[in-house]
Amino acid sequence: MAATKQLPLITVLGSLNMDLVSYVPHHPLPGETLTSTRFAVSPGGKGANQAVACAKLSRSSRGGPATATARIRMLGAVGDDTYGAQLRSNLSRHGVDASGVATPADAKTGVAVIVVDEPTGQNRIVLSPEANHSLSASRFGAPSALGDPLPDLLIMQLEIPLATVLAALRLARENAVPVLLNPAPAQILPGSAYEGLAHLVVNETEAAILAGVAEADLDTEAGLEGVGRTFLGRGVRNVIVTLGGRGVFYMNADGTKGLVPAEKAKVVDTTAAGDTFVGRYALEVVSGSFDIADAVRQSNRAAAKTVERLGAQDSIPWRDEL
């Protein structure tokens, strides 16, 4: 009997936070106190959101693990507290392997305070990293730090220490593991971070900061192409710039480029839209038939579904809901 072929493995190294979300009639002005119309506590963190997005978008809401098209593993850290237990449980409930989530002594689980403007769905976020910043660069010195077996794709963001991200990037490069980097929140990266980077996914603010241009430069397709060439020149192979209501721009080292219009959606909450995009895109990367234009279209559609719902991980659709 032939051996059963293993599903591709996606590993997400990143943050896990508990989101404390207030919904308000408008974002408060300096010195203004507002009464929220509602309040919610829900699992979040860009790392955990992206892991859950990969898991939910890889399977049917009814079929469970048998319908999965990929295996998802999470690497991160939480506190030994109620929030940490809830985050671990939520990962497992959605089919994510949480065995790589550490619980360092005396650390608290990370928290994100989120204020959502109800009329527009736009949010403002204040992050307290806590246990997320216990992930040290020294941990990523040997291939085993990325898990056994090595993943088919490593996803990272910047809500854990930059030194840790750079160490993991070096380790992945040395072991031929492709990386999808979503550098949010944006901060200037050394040139080495881009060398051989398989996928860079940024929004327009992040793109402007990292490329060293004014955000207004991205208002035209020519400006977007200029930023794309900047990243390709640094060694990135596939560049994605999400533009909110304007859609998504993509460009790769083979010369393929395009601007995909935004999907029509009734925006309720934008909290996990970018993470949903990353999750769907990552699944296309490991599918065995990756096409950047089709991957962007599929990811754009998934993100549009997310913004029509409240919350972070709860708002991410299952594959059969698209």
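In which loop is the place of Asp-106? Asp-106 is in the loop between strand E5 (96–102) and strand E6 (110–117); helices (H or I, at least four residues) and strands (E, at least two) are DSSP runs numbered from the N terminus. The structure is a predicted model, in which local features need pLDDT of at least 70 and side-chain atom pairs count only at pLDDT 80 or more, while totals for chains, interfaces and linings use all residues. Residues are numbered from 1 along each chain as its sequence is written, and side-chain values use heavy atoms, with hydrogens and water left out.

Most residues other than glycine have a negative phi, and most peptide bonds are trans. Asp-106 is not a glycine, yet has a positive phi of about 65°. Its relative accessibility is 84%, so Asp-106 counts as exposed; the cut-offs are under 20% relative accessible area for buried and over 50% for exposed, with partly exposed in between (1.4 Å probe, protein chains only). Glu-130, also not a glycine, has a positive phi of about 50°. The place of Glu-130 is in the loop between E7 and E8, and Glu-130 counts as partly exposed because its relative accessibility is 43%.

The loop between strand E7 (123–128) and strand E8 (153–156) also holds Pro-149. Asp-148 and Pro-149 are joined by a cis peptide bond, with omega about 5°. A cis peptide bond also runs from Ala-184 to Pro-185, where omega is near -5°. Pro-185 is found in the loop between strand E9 (179–181) and strand E10 (199–203).

Side chains of opposite charge can pair when their charged atoms come close. The whole structure contains 8 salt bridges, each defined as a side-chain nitrogen of Lys or Arg within 4 Å of a carboxyl oxygen of Asp or Glu. In one of the salt bridges, Lys-46 pairs with Asp-275, and the closest N and O atoms are 2.7 Å apart. This pair links distant parts of the chain, with Lys-46 in helix H1 (residues 46–57) and Asp-275 in helix H6 (residues 273–285), 229 residues apart. Lys-46 counts as buried at 18% relative accessibility, and Asp-275 is buried with a relative accessible area of 1%.

Glu-225, Arg-229 and Lys-257 are linked in a network of salt bridges. The side chains of Arg-229 and Glu-225 meet at 3.9 Å, N to O. Arg-229 and Glu-225 are 4 residues apart in helix H5 (residues 221–233), so about one helical turn separates them. The side chains of Lys-257 and Glu-225 meet at 3.2 Å, N to O. Because Lys-257 lies in strand E13 (residues 257–260) and Glu-225 in helix H5, this pair ties together parts that are 32 residues apart in sequence. Glu-225 is buried, with a relative accessible area of 17%, whereas Arg-229 is partly exposed at 48% and Lys-257 is partly exposed at 42%.

Thr-306 lies in helix H7 (residues 292–306). Its relative accessibility is 0%, and Thr-306 therefore counts as buried. The side chain of Thr-306 makes a polar contact of 2.9 Å with the side chain of Thr-276. A polar contact is a pair of N or O atoms within 3.5 Å; within protein, one must be able to donate a hydrogen and the other to accept it, and residues adjacent in sequence count only if both atoms are side-chain atoms. Not counting residues up to four places away in sequence, Thr-306 touches Asp-269, Ala-272, Ala-273, Thr-276, Ser-315, Ile-316 and Pro-317, where contact means heavy atoms within 4.5 Å.
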